[in-house]
Amino acid sequence: QVQLVESGGGLVQAGGSLRLSCAASGSSFRINDMGWYRQAPGKQRELVATINSIGRTNFADSVKGRFTISRDSAKNTVYLQISSLKPEDTAVYYCNAVVVLATTGLQYTYWGPGTQVTVSS
């Protein structure tokens, strides 16, 4: 089993910045892709950004140029630097990891519990 825990959310004024972190823990696993998704009230969960094992990134059009994703593979941690925040960025941000377990050799997707980001106007 793998556990993901996000941190770094909070209340910030429009135009401000935050850095979200997500650390994966467990035993005998290898992480392939990691990413961030978000879900605003009354809306479906949507992709924000992903990063694969060789550092290739992908961003939703709505966050391009404002959000940056990075990872520290040695720490099994992914980061999301969010800047120029807008009220419409308000959401619960979820970390996601696609993991191969050594015990089975199979690929699984894990989610963190989420961290709230609230942007005031």
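To how many aromatic pairs does the count come? In this predicted model, the count comes to two aromatic pairs. The rings of Tyr37 and Trp111 form an edge-to-face pair, because their planes stand at 65 degrees, with the centres 5.0 Å apart. Tyr37 belongs to strand β4 (residues 29–39) and Trp111 to strand β10 (residues 107–111), so this pair ties together parts that are 74 residues apart in sequence. The other pair, Tyr108 and Tyr110, is tilted, with 6.5 Å from centre to centre and 45 degrees between the planes.

| Residue | Relative accessible area | Class |
|---|---|---|
| Tyr37 | 21% | partly exposed |
| Trp111 | 38% | partly exposed |
| Tyr108 | 30% | partly exposed |
| Tyr110 | 11% | buried |

Aromatic rings also meet charged groups. The charged end of Arg19 sits over the ring of Tyr79, 4.0 Å from its centre. Likewise, the ring of Tyr94 has the charged end of Arg45 over it, at 3.7 Å from the ring centre.

Another arginine, Arg71, is located in strand β7 (residues 67–72). Arg71 is buried but has no salt bridge; Asp33, the nearest side chain of opposite charge, is 5.5 Å away. The side chain of Arg71 reaches two backbone oxygens: that of Asn32 at 2.7 Å and that of Asn52 at 3.1 Å. Beyond residues up to four places away in sequence, Arg71 touches several others, among them Ile31, Met34, Ile51, Ser53, Val78 and Tyr79.

Key. Residues numbered from 1 in each chain as written. Predicted model: local features only at pLDDT ≥ 70, side-chain atom pairs only at ≥ 80, totals over all residues. Heavy atoms only, no water. Helix = DSSP H or I, 4+ residues; strand = E, 2+ residues; numbered from the N terminus. Buried < 20%, exposed > 50% of the residue type's maximum accessible area, 1.4 Å probe, protein only. Lys, Arg positive; Asp, Glu negative; His and termini not counted. Salt bridge = Lys/Arg side-chain N within 4 Å of Asp/Glu carboxyl O. Polar contact = N/O pair within 3.5 Å; in protein donor to acceptor, adjacent residues only side chain to side chain. Contact = heavy atoms within 4.5 Å. Phe/Tyr/Trp six-rings, centres within 6.5 Å; stacked < 30°, edge-to-face > 60°. Lys NZ or Arg CZ within 6 Å of the ring centre and 35° of its normal.
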